[in-house]
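The sequence and the structure are shown first.

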Amino acid sequence: MFKRSFTIAGLSVLLAFPVVSVAASSDISANVLKAMDGEHRSDKNKQRNVYRHPLETLQFFELDADMSVVEIWPGGGWYTEILAPVLKDQGEFYAAGFSKVAKRTPKWRKDFQLRFEAKLTNDPQNYSAVKVTDLAIPERPEIAPANSVDRVFTFRNVHNWMKGEYADGVFSSMYAALKPGGILGIVEHRAKPGTSLNDMIVSGYVTEAKMIELAETAGFRLLGKSEVNANVKDTKDHPKGVWSLPPTLRLKEVDRDKYLAIGESDRMTLKFIKD
């Protein structure tokens with residue numbers, strides 16, 4: 001095990017995780033490791049590497065540098081900072097962001113999208129090849145040309161689609177964009193089995209059963225599960241749901257040390273295929 005100490009919100013945290021041998025890994029792994037620690041990333045974002053396990057996650061999703069990839073709702077671009085440099089030279093990368101045209105998109109999300117696009121523009125060395133698309137359900141469901149991409153990824157977003165009552169539409173858009181044999185990779189906060197739909201929406205945690213149902217309804221077949229983003233410390237019964245935990249820490253100073261000690265949420269990591 002490799003141990004590394006981080007300071008997060010004033011609290012020193014010591015975490016241990018498996019050593020990854022670059023020499024024994026594929027070229028894509030070396031490229032991911034380089035992007036993870038790249039100078040274009042803030043220290044704050046790098047500190048999240050130990051919770052989000054991007055190398056192991058992307059290995060599980062079978063990413064290669066020459067693939068065509070869509071990231072759905074990249075938000076502030078945490079995963080974009082890794083995917084865009086890895087895919088820039090040999091692959092193709094679409095960032096399907098918050099819609100700036102859909103009437104139902106709140107202003108704060110439109111502003112968030114503008115900041116994300118400014119981030120890309122201000123760093124052409126890493127992001128000049130990114131193709132930004134507008135995911136608006138049902139107005140603009142096309143996130144990439146039909147049957148054209150090898151991978152579609154989304155990270156911690158499905159609960160938002162469920163709240164907006166357009167999860168089925170997004171899953172259909174992801175299915176349409178993928179080539180036959182293409183893979184959909186999803187990381188999402190994991191609810192306890194049997195959690196009600198309303199509690200999923202309120203808490204931000206989604207059951208594996210609901211996730212699989214959404215994907216299978218769109219035509220996907222479950223290909224595999226990984227526990228790489230699991231967190232057994234997460235009891236999933238927090239006053240402000242998943243947002244009680246870092247990095248949001250919605251309760252601010254209330255039980256701050258407790259939530260920092262838990263770390264980020266327990267997450268399912270699921271892989272689906274378009275047959």
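In this predicted model, A102 touches K110, A136 and E139, sequence neighbours up to four places away being left out of account. A102 is found in the loop that runs between β4 (92–98) and α6 (107–121). Its relative accessible area is 3%, so A102 is buried, the cut-off being under 20%. Between A102 and P74 there are 28 residues in sequence and 17 Å in space, taken C-alpha to C-alpha.

H189 belongs to strand β7 (residues 178–189). With a relative accessibility of 6%, H189 is likewise counted as buried. The side chain of H189 forms a polar contact of 2.6 Å with the side chain of S265. When neighbours within four places in sequence are set aside, the contacts of H189 are R156, H159, G204, Y205, V206, V242, S265, D266, R267 and M268.

The two residues compare as follows.

| Residue | Relative accessibility |
|---|---|
| A102 | 3% |
| H189 | 6% |

A further topic is the packing of two helices. Helix α9 (residues 167–177) packs against helix α11 (residues 208–218) at an angle of about 55°, and their axes lie 9 Å apart. The two helices are therefore oblique to each other, and α9 passes α11 in a right-handed crossing. On the α9 side, A167, D168, F171, S172 and Y175 make the contact, while α11 contributes M211, L214, A215 and A218. By class, the residues of this contact comprise seven nonpolar, one polar and one charged.

Technical notes
Residues numbered from 1 in each chain as written. Predicted model: local features only at pLDDT ≥ 70, side-chain atom pairs only at ≥ 80, totals over all residues. Heavy atoms only, no water. Helix = DSSP H or I, 4+ residues; strand = E, 2+ residues; numbered from the N terminus. Buried < 20%, exposed > 50% of the residue type's maximum accessible area, 1.4 Å probe, protein only. Contact = heavy atoms within 4.5 Å. Axes fitted to C-alpha atoms, helices over the stretch in contact; angles between N-to-C directions. Parallel < 35°, antiparallel > 145°, perpendicular 65-115°, else oblique. Left-handed = near helix turned anticlockwise from the far one by under 90°. Nonpolar A, V, L, I, M, F, W, Y, C, P; charged D, E, K, R; others polar. Polar contact = N/O pair within 3.5 Å; in protein donor to acceptor, adjacent residues only side chain to side chain.
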